[in-house]
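Please look over the structure shown here.

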Amino acid sequence: MSELMTSAWAPRGAWTGYARAGRHGRLQGEAGIRLTLREGVGLATLIAGDGQEEALRAILSERYGWNLPEPGATALSGERGLVWSGPGQWLAVAESGEALRRLPEALRGLAAVTDQSDARAIVRVSGPRARAALAKGVTVDLHPRAFGPGRTAVTSIAHIGAQLWQVDAGPSYDVAVARSFAGSFWSWLADAAAEFGYEVRAGA
């Protein structure tokens, strides 16, 4: 009985049961898209207190070396930093939840900090046809003239609320959705990527 209980309560990744590692869709030639499952990423929302944005900016710079990005922008160094999420709101991103553990105490009195590490599912969409696949459902213009590395949008993708940000000019995009919508989003993403051929990889 105890073994059954332990198995039932074992941690599950956000994409478990939806994404299967390997090659899918069109199998001829190289895959046009890579889907990297970003399990274990640390996430936290920051909402600046009234009149505290400048003080918040100063302490984030001093303690973490982070800049507060302007609207529609990111300020990331490698896999760490901040992504704008709305007026006075940002998403802190790190390679693990542990890296953000002290954030609430550090920002006490300056910002409300809410851990989102287990609340969202993130996938990195990259490869030469990444933009073409996402354009099938994203409600913002992803053309390089309008949206490039360091840009972010809070939007909907196939009627699912999402936030995406462009990581590099590859192009590579990180897409975050509520974990409860992971299955629906993956179903759409797999269909959108199938014509180009896609490879699913586990990753940080």
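A residue is called buried when its relative accessible area is under 20%, exposed when it is over 50%, and partly exposed in between, with a 1.4 Å probe and protein chains only. The model is predicted, so local features need pLDDT of at least 70 and side-chain atom pairs count only at pLDDT 80 or more, while totals for chains, interfaces and linings use all residues. Residues are numbered from 1 along each chain as its sequence is written, and side-chain values use heavy atoms, with hydrogens and water left out.

Side chains of opposite charge can pair when their charged atoms come close. Here a salt bridge is a side-chain nitrogen of Lys or Arg within 4 Å of a carboxyl oxygen of Asp or Glu. The count by this rule is 11 salt bridges.

One of them joins Glu79 and Arg38, with 3.0 Å from N to O. Strands (E, at least two residues) and helices (H or I, at least four) are DSSP runs, numbered from the N terminus. Glu79 is partly exposed, at 32% relative accessibility, whereas Arg38 is buried at 5%. Both belong to a network of salt bridges that links Arg38, Glu79, Arg124 and Asp174.

Another salt bridge is formed by Glu195 and Lys136, at 2.6 Å from N to O. This pair links distant parts of the chain, 59 residues apart: Glu195 is in the loop between α5 (182–194) and β12 (198–203), and Lys136 in the loop between α4 (130–134) and β9 (152–157). Glu195 is partly exposed at 47%, and Lys136 is partly exposed at 42%. Arg101 and Glu98 also form a salt bridge, their closest N and O atoms being 2.8 Å apart. Arg101 has a relative accessible area of 49% and is partly exposed.

The remaining topic is the largest pocket. On a 1 Å grid over the protein atoms alone, a pocket is an open set of points with protein on both sides within 12 Å along at least five of seven lines, and lining residues have an atom within 4 Å of a point. The largest pocket has a volume of about 160 Å³, a volume being the space filled by probe spheres set on the points. Its lining has 15 residues, with Glu39, Gly40, Ser117, Arg120 and Arg179 nearest the centre. Strand β8 (residues 120–126) gives the most to this lining, with three residues.

Technical notes: On a 1 Å grid over the protein atoms alone, a cavity is a set of points where a 1.4 Å probe fits but cannot get out, and a pocket is an open set with protein on both sides within 12 Å along at least five of seven lines; lining residues have an atom within 4 Å of a point.
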